[in-house]
Amino acid sequence: MDKMIFKHEFLIRIKSVITWSLSVSALLFVFFSFFSVFADQAEMMNQMLEKFPKELLIAFGMNNMNYHTVLGYISFYFLFIQLLLAIQAGNYGFGLVSIEETEMTADFLLTRPVSRAKILTSKLMAALASMLLTDIFMWISMFTAISIFSEGKDYDMATLLLLLFSVILFQLFFFSVGLMVSLLVKRVRSVTPYSLGLAFGSYVLSAFSGVFGDVKLEYITPFKHFEPAYIVNNRALNTPLVLINVVITVIALVAGYWLYLHRDIHAVS
Amino acid sequence: MSVIEVSHLTKFYGKSRGIVDVSFNVEEGEIFGFIGPNGAGKSTTIRLLLSLIHPTSGTGKVFGLDVTKHGPEIRRSIGYLPSEVFYYEGMKVIDLLKYSASFYEGNFTERMKYLSELMELEMNRRISDLSFGNKKKVGIVQGLLHNPKLLFLDEPTSGLDPLMQRKFFDLIREENKRGVTVFFSSHILGEVQRLCNRVGIIREGSMVEISDIRSLQQNNYKKISVTASGLTPEFFDTPGVTNVQTENGSVNFFFKGDINAMVQKVSSLKLDDVTIEEPTLEEIFMHYYE
């Protein structure tokens, strides 16, 4: 790894990291501030939800929920935090190499006396550090929110930690798939449509997977691999699905390296 | 010693041609001109040697090392000035130069100061606020900063005003005197003529001529203009004559071959006027492109 590239890459992303961290934390606090309402009126809430079609509840992951417990409530809205983190990770993945090419700075970087493998590793580490920083911010916010809004209710710390740490693998998936796709297409003009597409696409797959029951869409979407409700209800990760997730991530990363090392950097035209 | 050795180098972008079977050598300490119109393959050749793109076939060696295998090692001693300069927009000039210098071993503070003062570069401005010409100056300083042994200049003068161009040429000559080899790509012949020892002419992806710049001018072609009454262009329809044109009653052409035979032929005419001169590089060049 090259320290200078790492530092440069990290600093370039720092504003984005702050923005994402604040957004994730804000979302977390807003959701959690309604906890007392849900907890107090759990019975009424359940009655209301019974009137909704079952498919709709499954689609939004709202079946089998215990809104009056801390973890039950978190698992209900954690999906939205995952969605934000997925978009962020996708952004970093799709943009890791392609931004240098659209902004034509690739010529500068790749004519330095550093191998491409080293450049990619340095960039990768900087992006991972950026995501980890967002995670740390989110974890701190989560514990702060719990201490403010949980009204002293008990919860299983191990399960919560499992849920919170699972986001790292979750983000890696979107990051590495984004990186690979960005190297497969000829030119990424703008990163956001790609990352939004990947994040919402995966989410929709996960939602439909619930609706159609038999269709095995859960194999390919991280929203199923790391379904909060599953983690909370079983107090464990869904090991086979997590393994699938890790395998896809590793394949995407290896493919990303191979594609980058063999890539032609075209002149400005 | 050859600093650059290119052997049967070929690059296709899918089905479209980059360069085909290009071979040439550049010797240590020379300024090698690489001329050709836009799209002839000049940038492709340079980008192959910088390992920004990968060859379809053939080999390129710099400092005796294969460019596909030893890229990082080779690039330690290379300076590159692209035709259009792009840097991280948010950075200040000074920060970019420091970032660039950090990739090389040594302290370049003094040299940075010297070069930026010479090129009249404002170090504290943001890259995004710079004009095209000023970005080019950053490119020049950045390319020369780490004392490279080999310089790749790809259309280096576009965007520079004449005064800066002259300073730039002086700088390149000065570097060359210190032993730096220069690979100078351009489509402007005047500047190649001013600066280079040897030229390679590339056309539609193939090298058509590699020659000493003097012999290119002196030994090859004469530009002859003949004015005589009743003279038709057909009179000069002999081997070695090309580019016959009639203008204001005089016949102009290029001639390559035994000059005695031509003088005899001309002397059989009743002349009003005759001139025999060296063609400019420009004219030689046009000739290759017909």
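Modeller: A residue counts as buried if 20 or more other C-beta atoms lie within 10 Å of its own, as exposed if 12 or fewer do, and as partly exposed in between, with C-beta atoms placed from the backbone. The structure is a predicted model, in which local features need pLDDT of at least 70, side-chain atom pairs count only at pLDDT 80 or more, and totals for chains, interfaces and linings use all residues. Residues are numbered from 1 along each chain as its sequence is written, while chains are lettered from A and ligands numbered from 1 in the order in which they are written.

Biologist: Is Phe35(A) buried or exposed?

Modeller: Phe35(A) belongs to helix H2 (residues 35–40) of chain A; helices (H or I, at least four residues) and strands (E, at least two) are DSSP runs, numbered from the N terminus. Around Phe35(A), 23 other C-beta atoms lie within 10 Å, so this residue is buried.

Biologist: Which residues does Phe35(A) touch, not counting those up to four places away in sequence?

Modeller: Two residues are in contact if their C-beta atoms, placed from the backbone, lie within 7 Å. The C-alpha atom of Arg112(A), 77 residues from Phe35(A) along the chain, is separated from that of Phe35(A) by 54 Å. With residues up to four places away left out, Phe35(A) touches Tyr73(A), Phe149(A) and Ser150(A).

Biologist: At what angle do the axes of helix H8 and helix H12 of chain A cross?

Modeller: Two packed helices are described by the angle between their axes and the distance between the axes. Axes are lines fitted to C-alpha atoms, for helices over the stretch in contact, and angles run from 0 to 180 degrees between N-to-C directions. The axes of H8(A) (residues 157–184) and H12(A) (residues 239–261) come within 8 Å and cross at roughly 35°.

Biologist: What is the handedness of the crossing in which H8(A) passes H12(A)?

Modeller: A crossing is left-handed if the near helix is turned anticlockwise from the far one by less than a right angle, and right-handed if clockwise. H8(A) passes H12(A) in a crossing that is left-handed.

Biologist: How many charged residues are in the contact of H8(A) with H12(A)?

Modeller: The residues that meet include Leu169(A) and Phe173(A) in H8(A), and Val242(A) and Ala252(A) in H12(A). Ala, Val, Leu, Ile, Met, Phe, Trp, Tyr, Cys and Pro count as nonpolar, Asp, Glu, Lys and Arg as charged, and the others, Gly among them, as polar. By these classes the contact has 16 nonpolar and four polar residues, and the number of charged residues is none.

Biologist: Which helix gives the most to the side of chain A that touches chain B?

Modeller: The contact takes 18 residues from chain A and 20 residues from chain B. Helix H1 (3–32) and helix H6 (106–110) of chain A each supply at least two residues of the side of chain A that touches chain B. That side divides into nine nonpolar, five polar and four charged residues. With three residues, the helix that gives the most is H6(A).

Biologist: What distance separates the centres of domain 1 and domain 2 of chain B?

Modeller: The C-alpha trace of chain B spans about 70 × 40 × 35 Å along its principal axes. Domain bounds come from an automatic or database domain assignment, which gives domain 1 (2–216) and domain 2 (221–288) in chain B. Taken over C-alpha atoms, the centres of these domains of chain B are separated by 39 Å.

Biologist: Which residue in the turn of the S4(B)–S5(B) hairpin has a positive phi?

Modeller: Two bridges join S4(B) (residues 57–62) to S5(B) in the antiparallel sense. Val62(B) has Leu65(B) as its bridge partner, and Lys61(B) stands opposite Asp66(B). The hairpin has two residues between its strands, and the turn residue with a positive phi, about 55°, is Phe63(B).

Biologist: What is the average twist from one strand to the next in the open sheet of six strands in chain B?

Modeller: The strand order in this sheet is S6-S7-S8-S3-S9-S10, and the pairing is mixed. Its edge strands, S6 (78–81) and S10 (206–212) of chain B, each pair on one side only. S9(B) (residues 198–203) and S10(B) pair in the antiparallel sense over six bridges. From one strand to the next, the twist averages 15°.

Notes: Pairing = 2+ DSSP bridges.
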